[in-house]
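Have your viewer open as you read.

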Amino acid sequence: MATIKAEPFDLKFDSKTTALVIIDMQRDFVLPGGFGEMLGNDTSLLLAAVEPTRRVLEKARSKGMMVIHTREGHRPDLSDCPPSKLTRGGKTFIGTEGAMGRILVRGQQGHDIVHQLYPIDGEPVIDKPGKGSFHATDLHQILLDRGIKTLIVCGVTLEVCVHTTVREANDRGYECVVLSDCVASYFPEFQRVGLEMIKAQGGIFGWVSDSDKCIAAIA
Ligand code: TIU
């Protein structure tokens, strides 16, 4: 068993039953010209999470830990995109042509994961139509089959897909540790309160740690 220094208290975990889950580190969110920027956001805040995540990923791989990647996106015919998600304030972004191909459409350049964190053979990639990684995917089955109990969570954005996924995971019985410098929001205030929400009330739906503490724990 290993122990990760975390808030609101340190957490014991077994690296054999722990997965590193990297959520939606896609060009469409972290680079200019994608979905994030189309929504009016400054994507540079998200890029800051890539390097700490890369260091955690490198360590997790070197220790043979399970690594899972997720991508938010849709079929080219958008048949899996609810109309309520398709338009925002009367405007349509998803499926339209952007600088990196069609926005949030599977198979397009913008939909794929940034090169620094690119999946390698044996690492499952979960393509999800929603914000949560468990909704309409086989993630729970994959985790159950490997006996996974603990999730170390990185990715973007904190208050949207990371929160939704961690809440879903908590309800399914997983212990989730979110690494503060490996997650990011377009809004600094949401980054602060998003982390606070997870660890408040005795860790109401998870723990918060960081990349250095995680690397020290899995070393
Ligand atoms: N817009 C925003 O903050 N996030 C998303 O649309 N998806 C994810 O968080 N991945």
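## A helix pair

Pro52, Arg55, Val56, Lys59 and Ala60 of α4 touch Ser211, Asp212, Cys214, Ile215 and Ile218 of α9, where a contact means heavy atoms within 4.5 Å. By class, that's 6 nonpolar, 1 polar and 3 charged residues (Ala, Val, Leu, Ile, Met, Phe, Trp, Tyr, Cys and Pro are nonpolar, Asp, Glu, Lys and Arg charged, the others, Gly among them, polar). Helices are DSSP runs of H or I with at least four residues, strands are E runs of at least two, and both are numbered from the N terminus.

The model is predicted: local features need pLDDT of at least 70, side-chain atom pairs count only at pLDDT 80 or more, and totals for chains, interfaces and linings use all residues. Residue numbers start from 1 along each chain as its sequence is written, and side-chain values use heavy atoms, with hydrogens and water left out.

## Around the ligand

Residues around the ligand (a heavy atom within 4 Å) include Asp24, Phe29, Glu72, Lys131, Thr157 and Tyr186. For polar contacts (N or O pairs within 3.5 Å), the Glu72 side chain has an N or O atom 2.8 Å from a ligand nitrogen.

Most peptide bonds are trans. Here, Val156 to Thr157 is cis, with omega near -20 degrees, and Thr157 is in the loop between β10 and α7. Glu7 and Pro8 are also joined by a cis bond, omega about 5 degrees.

Conventions: Polar contact = N/O pair within 3.5 Å; in protein donor to acceptor, adjacent residues only side chain to side chain.
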